[in-house]
Amino acid sequence: MPESKERERPTVPPADSAIARVVKDPVSRRKFMALTGGSAALAAFLAACGSDSGTTTTSTASSGGTTGTEQFGKGDIGILNYALTLEYLETAFYKDVIKSGLFKGAELETIKKFGSEEAEHVAALTAAVKQMGGTPAPMPKTKFPLSSAKSVLELASTVENLGAAAYLGQAANIKSPAVLASALAIHSVEGRHASVLNTLIGESITPDGAFAKPADAATVLKSVEPFIVS
Amino acid sequence: MSNELVHPELADVHVVEDSGDLSRSEVILKGALAAGAVYGVGMVGPFVRNALAMSDGGDVGILNFALTLEYLESTFYKEAQTRAKASGELKSLIGLLASDEQQHVEALTASIKQLGGKPVAEPKFDFPYSDTAGFLKLAQTFEDTGVSAYNGAAPSIKSKEVLGAAGSIVQVEARHAAAIRLQNKQEPAPDAFDPSLDESQVLTAVKPFIQ
């Protein structure tokens, strides 16, 4: 049964929203990470594993049956299209960075490698959506700030960490085991990317500590909204 | 099948039973390591799932296998703090890894108990390496294997909360893997899709290790 071809545009939160400011400002981002990470991680992990606490922040199960990805399609197709949109963003970002000429040598090779992997993710997710009878999300028009190598690496780090958190945030919403396996195969690679970029900017490879934190779709979409050109 | 081992270092890792009887998870781990040595880490997975499906099964079984792997990594990094002869950045990294894996051990132990299961006992391990290069080689293999093991087992997890927890750990293992690979002057993210444990060679490799 083919999915409806209709797809609503994501709602556009204000460009000066708190999340957008956090994403743009490296100092705020570090503070943001510090606020949400730390010693609460273990307690939250345990809460996620079977206690009946309803207040855990690490639970990735959708509440009220919504995943926050419904604007991209129903069920797993919506989640895949959401992931596809993020992968399009990452691919476009790395393409712009390579074109900018800001990087050379080993760092440029890393950026090229990561960019090509994101492009592979785009291809795989597109194929997965089609295989499920859905319409793949379109490539968004994007614009990224590329003022210096330092600011670009910080933005890359933000985007990769966010991407990893986005996949983690949807894992429990995915119905098909095959789709879940694919999502996990990508999720861990985004974790690798984030680790490397964090190292390049002198940050911890594990900003959330021993347990990575999920991000919900609304948070992720708000964070990347500044880079989508309407 | 050639006689050359893809990952000979894995074949040297000894999983020593604590009190005579090998726990199910220790058997699985020995099998997984042996298969990893022969077939390469991408092949390790399948075993795990088929073997787990045979008896323990369920989320507790998966968590117990994960716990066994985390015991391995935790012990490995604790020892490495002196044995690996590391300094500077690598020394700091080992400290971070030791702390993370220890937290994984504690969290998995607690969650197994919370689910009404019995956490596997801590096995004794023997890691054969004598210098930093040897440490890095084993570390890379363990971290990559951990990612593949979690990714392979996760689709079988029944509880959404346990799945979330596994996902939260596997991402950290992937972060570890990349960092170790950088120290080892290897590609931190060699594949666009991390291999997961697939089912086919499980029984073949684990048979010799089941009493």
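A crossing of two helices is left-handed if the near helix is turned anticlockwise from the far one by less than a right angle, and right-handed if clockwise. This is a predicted model, in which local features need pLDDT of at least 70, side-chain atom pairs count only at pLDDT 80 or more, and totals for chains, interfaces and linings use all residues. Residues are numbered from 1 along each chain as its sequence is written, and chains are lettered from A and ligands numbered from 1 in the order in which they are written.

**View 1. Helices α4(B) and α5(B) cross.**
Helix α4 of chain B spans residues 58-83; helix α5 of chain B spans residues 88-114. Helices here are DSSP runs of H or I, at least four residues, numbered from the N terminus. The two axes come within 8 Å and cross at roughly 150°. Each axis is a line fitted to C-alpha atoms over the stretch in contact, and angles run from 0 to 180 degrees between N-to-C directions. The helices are therefore roughly antiparallel (angles over 145 degrees). Their crossing is left-handed.

**View 2. L72(B) lies in helix α4 of chain B.**
Is L72(B) buried or exposed? L72(B) is buried, because 23 other C-beta atoms lie within 10 Å. Buried means 20 or more such atoms, exposed 12 or fewer, and partly exposed in between, with C-beta atoms placed from the backbone. V105(B) is 33 residues from L72(B) in sequence, and 9.6 Å from it in space, C-alpha to C-alpha.

**View 3. Chain A has 8 helices and 0 strands.**
Chain A holds 230 residues, and 49% of them count as buried.

Note on methods. Helix = DSSP H or I, 4+ residues; strand = E, 2+ residues; numbered from the N terminus. Parallel < 35°, antiparallel > 145°, perpendicular 65-115°, else oblique.
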